[in-house]
Amino acid sequence: MTTTPPLTALSALLPPTVHCTEAFGPPPHGALLDPERRHIHGRSPRRQRQFTAARTLARQALTELGHPPTPLLPGPGGAPDWPSGVAGSITHCTGYTACAATRTTHLASLGIDAEPAEPLPHGVLDLTATADERRHLTRLPRGQTPWDRLLFSAKEATYKACYPLTRQWAGLATITVHLRPDHTFTACHPHHPTPHHGRWTATEGILITTLTIPRSATTG
Ligand SMILES: CC(C)(COP(=O)(O)OP(=O)(O)OC[C@H]1O[C@@H](n2cnc3c(N)ncnc32)[C@H](O)[C@@H]1OP(=O)(O)O)[C@@H](O)C(=O)NCCC(=O)NCCS
């Protein structure tokens, strides 16, 4: 039996079958299970706090899905080792931590990403965007949205959504994204060729991107 997910900035971007937990501001305090504590032991205080906050939010989302508390450790490639039957994603950046999780009966996979709503550091766009993408950015409406950072975030959300299905690393420059001002985007991943559909928002100085992969995209 699952409860109805509460509405959050993140959940407004995702189907109602996805349970979202998020925190704006510094990473919230929380608790780790023993295997998680052993995993993160010795890392920097910042990383420990980030890891703990993410696990705490992930456990809330999993509880809403009806899962008992279980350690959530990074698997191969860094993707969290979600319980069987669960598709989920985690993000943390300065000022924001979040998790989204759903049953694999609802979605094959999903990815979320957050970035500060500020232009990318010099040189990052050239390393992560194609020439077509850079041209497209110049045609988007000028205003408050840092389109270059949003493009980067959409690529990371796509990478996170596709990784559990492909188990293959993909450089961000090989993931192509078409951003739209209507808060949607389309993404293509080199190892999962169906075009994927994503959504984005900008709130409280944070850009949030999400990408969902329906089950129909993974079955013949
Ligand atoms: C893995 C990656 C997507 C993380 O993104 P990020 O913006 O640095 O960090 P975020 O806080 O948003 O996300 C980190 C979380 O992503 C998740 N994650 C890490 N690797 C993942 C993978 N292969 N698949 C899915 N999720 C993954 C983890 O939950 C991680 O948090 P945790 O370690 O606390 O569990 C990114 O570093 C990456 O490697 N991107 C693709 C490859 C690439 O081109 N990198 C060069 C970037 S210039």
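## The five-stranded sheet

In what order do the five strands of the open sheet lie, and is their pairing parallel or antiparallel? In this predicted model, the order is E4-E8-E7-E6-E5 and the pairing is antiparallel. Strand E4 (109-116) and strand E5 (176-180) are the edge strands, and each of them pairs on one side only. Ignoring direction, neighbouring strands of this sheet are turned by 20° against each other on average.

Within the sheet, strand E6 (residues 184-189) and E7 run antiparallel and are joined by five bridges. Ala187 has His196 in E7 as its bridge partner. Helix H5 lies across E4, E5, E6, E7 and strand E8 (206-213), and runs at about 150° to E4.

## An aromatic pair between H5 and E7

Three aromatic pairs are found in a search of the whole structure. One of them joins Trp147 and Trp200: the ring centres are 5.5 Å apart and the planes stand at 80°, above the 60 degrees that marks an edge-to-face pair, so this pair is edge-to-face. Trp147 belongs to helix H5 (residues 147-166) and Trp200 to strand E7 (residues 192-203), so the pair ties together parts that are 53 residues apart in sequence.

## The three-stranded sheet

A further open sheet has three strands in the order E1-E3-E2, again with antiparallel pairing. Strand E1 (19-24) and strand E2 (86-93) are at the edges; each has a single partner strand, so one side of each is left without a neighbour in the sheet. From one strand to the next, the twist averages 5°.

E1 pairs with strand E3 (residues 96-103) over six bridges, in the antiparallel sense. Glu22 has Ala98 in E3 as its bridge partner. Helix H2 (residues 45-64) lies across E1, E2 and E3, and its direction is about 145° to E1.

## The ligand site

There are 19 residues around the ligand, and those that come nearest are Arg47, Thr91, His92, Glu156 and Lys160. For three of these residues, a side-chain distance to the ligand can be given. A polar side-chain atom of Arg47 is 2.6 Å from a ligand oxygen atom. For His92, an N or O atom of the side chain is 2.7 Å from an oxygen atom of the ligand. In Lys160, a polar side-chain atom lies 2.8 Å from an oxygen atom of the ligand. The ligand exposes 910 Å² when taken alone, and the protein buries 76% of that area.

Technical notes. Residues numbered from 1 in each chain as written. Predicted model: local features only at pLDDT ≥ 70, side-chain atom pairs only at ≥ 80, totals over all residues. Heavy atoms only, no water. Pairing = 2+ DSSP bridges. Helix = DSSP H or I, 4+ residues; strand = E, 2+ residues; numbered from the N terminus. Axes fitted to C-alpha atoms, helices over the stretch in contact; angles between N-to-C directions. Contact = heavy atoms within 4.5 Å. Near = heavy atom within 4 Å. Polar contact = N/O pair within 3.5 Å; in protein donor to acceptor, adjacent residues only side chain to side chain. Areas by Shrake-Rupley, 256 points an atom, 1.4 Å probe, with all protein chains shown as cover. Phe/Tyr/Trp six-rings, centres within 6.5 Å; stacked < 30°, edge-to-face > 60°.
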